[in-house]
Amino acid sequence: QVQLVESGGGSVQSGGSLRLSCAASGFTYSSRCMAWFRQVPGKEREGVATINTDGSATYADSVKGRFTISQDSAKNTLYLQMNSLKPEDTAIYYCAAFKYIGLIDGCRRPGDEYKYWGQGTQVTVSS
C-alpha cells in the first residue's frame, strides 16, 4: 500500500524560503512519477512540479527559477525547495504519485492521473 506524508509547511514572509518533504512508502522497485500540486480553497488545483524516477523534472511557469523538486531514493523522500516566495504561492500543497511499467512520455499530467495523494500541508506567504 502506497502512503505519502507531507511535512514542512508553515508561514513565511514574502521573499522567504520553505522546504516541503514527502515521505513515501510502498514504492519499492517501482517506476513512478511524483509531483507537487497546490490548491487554494475555491480554486482549481494547480500542478507545481513533477519528477520521474530518472530525475527528469518539470515546473509550472509560475514557479520556474524559484522552486526546485528533488528526490532522495535511498530515503524514499520527495522534496520541494521553495525560494523567493510570493503571497500568491499561498495554498495547501499536496504530494502525489503514480506507478507505471515500461516507458512513459513524461510526468506532467493532470491531477486525476495521479493515484496516490498525501494529506496536504499549508503554506502561507505574507506580504
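In this predicted model, the largest nonpolar core holds 29 residues, and those that touch the most other members are Leu 4, Met 34, Trp 36, Leu 80, Met 82 and Tyr 93. Two or more residues of this core come from each of strand 3 (18-25), strand 4 (31-39), strand 5 (46-52), strand 7 (67-72), strand 8 (77-82), strand 9 (91-100) and strand 11 (121-126). Leaving aside residues up to four places away in sequence, Leu 4 has contacts that include Cys 22, Phe 27, Met 34, Cys 95, Tyr 116 and Trp 117. A second, separate core consists of eight residues, among them Ala 96, Phe 98, Tyr 100 and Cys 107. In soluble globular proteins, nonpolar side chains tend to be buried together.

The aromatic pairs number five, and two of them are set out here.

| Pair | Centre to centre | Angle between planes | Geometry |
|---|---|---|---|
| Tyr 94 and Trp 117 | 6.3 Å | 75° | edge-to-face |
| Phe 98 and Tyr 100 | 6.4 Å | 55° | tilted |

Because Tyr 94 belongs to strand 9 and Trp 117 to strand 10 (residues 116-117), their pair ties together parts that are 23 residues apart in sequence. Tyr 94 is buried at a relative accessible area of 19%, whereas Trp 117, at 28%, counts as partly exposed.

Over the face of Phe 37 lies Arg 45, at 5.8 Å from the ring centre.

Conventions: Residues are numbered from 1 along each chain as its sequence is written. This is a predicted model: local features need pLDDT of at least 70, side-chain atom pairs count only at pLDDT 80 or more; totals for chains, interfaces and linings use all residues. Side-chain values use heavy atoms; hydrogens and water are left out. A nonpolar core is a set of buried Ala, Val, Leu, Ile, Met, Phe, Trp, Tyr and Cys residues joined through side-chain atoms within 4.5 Å. Buried means under 20% relative accessible area, exposed over 50%, partly exposed in between (1.4 Å probe, protein chains only). Helices (H or I, at least four residues) and strands (E, at least two) are DSSP runs, numbered from the N terminus. Contact means heavy atoms within 4.5 Å. Rings of Phe, Tyr and Trp (its six-membered ring) pair if their centres lie within 6.5 Å; planes under 30 degrees apart count as stacked, over 60 as edge-to-face and the rest as tilted. A charge sits over a ring if NZ of Lys or CZ of Arg is within 6 Å of the ring centre and within 35 degrees of the ring normal.
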